[in-house]
Structures are given as C-alpha cells and as structure tokens.
Amino acid sequence: MVVATRNRRGYLLRTLAELESLPERPPIVVVDNASSDGTAAAVASEFPRVELVVLDRNCGAFARNLGVRQLQTPLVAFSDDDSWWQPGALSRAGETFRSFRRVGLLAARILVGDERRLDPVSAVMQGATPPGLPGPRVHGFLGCGAVVRRAAFLEAGGFHIRLMVGGEEELAAIDIRLAGWELCYAEDVVALHFPARGNREDRTELGLRNRLWTSWLRMPATRALRDTAALARAAATDSVARRAMLGALRGLPWALRSRRPVPDWLLRERLD
C-alpha cells in the first residue's frame with residue numbers, strides 16, 4: 001500500500017487508521033512530499049509500523065513511484081491521504097490478478113463520502129467485458145483507488161515527475177497499456193473516498209495542462225493540434241485555462257523531445 005501526501009496531517013492520520021484496520025494487513029509506505037505541518041513526526045509517532053519516506057521537495061504523484069520501489073510485494077494498492085479500501089477489497093483484487101496474468105492495473109469502484117455516491121469516473125468505466133478479461137477495459141483510472149501489478153507499473157515508468165498532481169493518471173495508463181498490460185475496471189474492488197478540501201482551481205489548472213501534455217506526448221499530430229486549439233480557445237476567456245496553456249507551452253520543448261505517439265491499435269482500442 002502506497003500513500004503520497006503533502007500538508008494534510010489530519011486526513012492522513014484518519015486514513016492510516018482505516019488502512020491499518022484492514023483484514024489483509026497490507027504493508028504501508030507513506031511518502032511525504034516535504035510537508036510543513038508536522039506530518040512526518042505524527043506518522044512516526046502514531047503509526048510506527050508504517051514505513052515513512054520523507055522527501056525534501058514536493059514531487060507530486062511521482063512520490064507514489066518511490067513508494068512502489070520501497071515495497072517488494074507483487075501487488076501494490078494506492079490510496080490518497082483522504083481515501084482507503086473497503087475490507088476484503090484487496091483480497092478480491094489479489095484473486096483477480098492471480099487469475100488474469102496480463103492484467104497490470106485494476107481500477108476500483110470508488111464510492112464518495114458518507115453517502116457512498118458512485119464516483120462519476122467509476123460510472124463511466126462500467127460496460128461490457130471483453131473476452132479474456134475480468135472486467136471492462138479502461139484507459140484511465142483514479143490514483144485514490146487503483147491496484148497495480150508492481151512489475152507492470154515499474155516497467156511502464158509509473159507517474160511522470162513533471163505532471164505533479166492533476167490528471168497524471170492518463171499518461172500512466174497509456175504507458176502501462178503500451179507495455180503490453182491490460183487495465184480493467186473491477187466492480188467488486190471498492191475504495192472509499194472522502195475528498196479533502198483543497199485548491200480546486202490549482203488542480204483544474206494542472207489537469208488541463210497535463211491533458212494537453214499527454215496529447216502532445218502520445219497522440220497523433222492531428223489530435224494534438226486539435227487539443228491545443230481547444231485549450232487556446234478556452235484560454236481567451238478563462239483565466240484558469242490561460243494559466244494552463246502558458247504552463248503547457250513552457251514544457252513544449254520537453255514534450256516534443258519526448259514525444260512517442262501511440263500505435264494505431266491503441267487508438268482503435270480507445271475508440272471502442
């Protein structure tokens with residue numbers, strides 16, 4: 001189990017209490033993105049069984065990569081500092097991975113808040129199951145509710161350090177599939193999410209920027225140009241989109257150097 005966190009001590013301590021109560025008793029690694037609110041000291045004091053990795057700078061979602069490398073378990077579940085797993089969910093995930101050897105990632109059914117509302121992303125993932133897979137094939141996931149095969153995650157490179165937090169899962173999903181692994185939605189693997197308060201505008205800005213970077217990095221030129229034009233139009237009237245566009249442009253030289261468009265079979269698969 002890997003939890004990346006930054007300056008949300010109270011939320012994290014509640015999450016760790018829930019994770020430590022799971023019947024599966026998973027080993028837990030917390031990667032602290034240079035928190036300034038006493039997170040590391042609180043974890044060390046209240047949860048001595050938890051392995052703690054303290055970073056000297058904020059690495060965003062890339063911190064999860066460091067947590068995965070610390071663990072030696074064949075499967076790794078992710079939680080955010082405001083999410084945890086339903087009892088039994090990790091056992092069901094393990095059974096699925098053992099039965100389907102080409103599955104590299106399972107996207108959980110995520111229920112939000114005390115009302116247990118189905119997350120809209122989970123709702124989109126529901127659908128028909130292709131032959132030979134345990135559930136619908138998916139092309140993305142949420143970091144607050146995913147279980148990965150460690151070998152698949154590391155082979156694909158995990159989360160890119162440039163993307164920080166905000167839509168970083170799309171590029172990781174593409175790269176896991178490009179490495180030959182399947183990604184599936186698992187209706188019976190349930191994660192619970194209690195979203196922490198945060199700067200939604202910042203998250204939206206990074207999400208828009210990262211979506212465009214992902215397009216530049218992996219999509220055909222026509223799609224990348226279309227996505228660029230769409231964000232540029234939005235930037236003309238929206239300040240968040242404008243900041244996202246400027247941020248994306250600052251990374252354009254890197255994106256062009258790193259560009260690796262997906263093959264036709266994956267484009268067709270994403271359209272199915």
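A residue is called exposed when its relative accessible area is over 50%, and buried when that area is under 20%. Keep these two words in mind during the tour of this predicted model.

**Whole chain**

Start with everything shown. The protein chain has 12 helices and 9 strands. Its radius of gyration is 18 Å, close to the 19 Å that the globule rule gives for 272 residues, so the chain is as compact as a globular protein of that length. The C-alpha trace spans about 50 × 45 × 35 Å along its principal axes. Of the 272 residues, 51% are buried. The accessible surface comes to about 12600 Å², and carbon and sulfur atoms account for 53% of that.

**Helix 2**

Select residues 39-46, which make up helix 2. Which residues are buried here? They are Thr39, Ala40, Ala42 and Val43. These residues cover an arc of only 165° around the axis, which puts them on the same side of helix 2. Now turn to the face pointing away from the buried side: the exposed residues Ala41 and Ser45 are there.

The structure holds 6 aromatic pairs. For one of them, select Phe141 and Phe159: the pair is tilted, with 6.1 Å centre to centre and 55° between the planes. Phe141 lies in the loop between helix 5 (120-125) and strand 8 (146-149), and Phe159 in the loop between helix 6 (150-156) and helix 7 (169-178), so the pair ties together parts that are 18 residues apart in sequence. Both Phe141 and Phe159 are buried.

Then show Arg64, whose charged end sits over the ring of Phe159, 4.8 Å from the ring centre.

Next select Trp213 and Trp254. Their aromatic pair is edge-to-face, at 5.1 Å centre to centre and 75° between the planes. Trp213 belongs to helix 8 (residues 200-218) and Trp254 to helix 11 (residues 252-258), so this pair links distant parts of the chain, 41 residues apart. Are these two side chains buried or exposed? Trp213 counts as buried because its relative accessibility is 4%. Trp254, at 7%, counts as buried too.

**Last stop**

Select Arg14 and Phe194. The charged end of Arg14 sits over the ring of Phe194, 4.8 Å from the centre of that ring.

How values were computed: Residues numbered from 1 in each chain as written. Predicted model: local features only at pLDDT ≥ 70, side-chain atom pairs only at ≥ 80, totals over all residues. Heavy atoms only, no water. Phe/Tyr/Trp six-rings, centres within 6.5 Å; stacked < 30°, edge-to-face > 60°. Helix = DSSP H or I, 4+ residues; strand = E, 2+ residues; numbered from the N terminus. Buried < 20%, exposed > 50% of the residue type's maximum accessible area, 1.4 Å probe, protein only. Lys NZ or Arg CZ within 6 Å of the ring centre and 35° of its normal. Arc of directions from axis to C-beta. Rg over C-alpha atoms; globule rule 2.2 N^0.38 Å. Areas by Shrake-Rupley, 256 points an atom, 1.4 Å probe, with all protein chains shown as cover.
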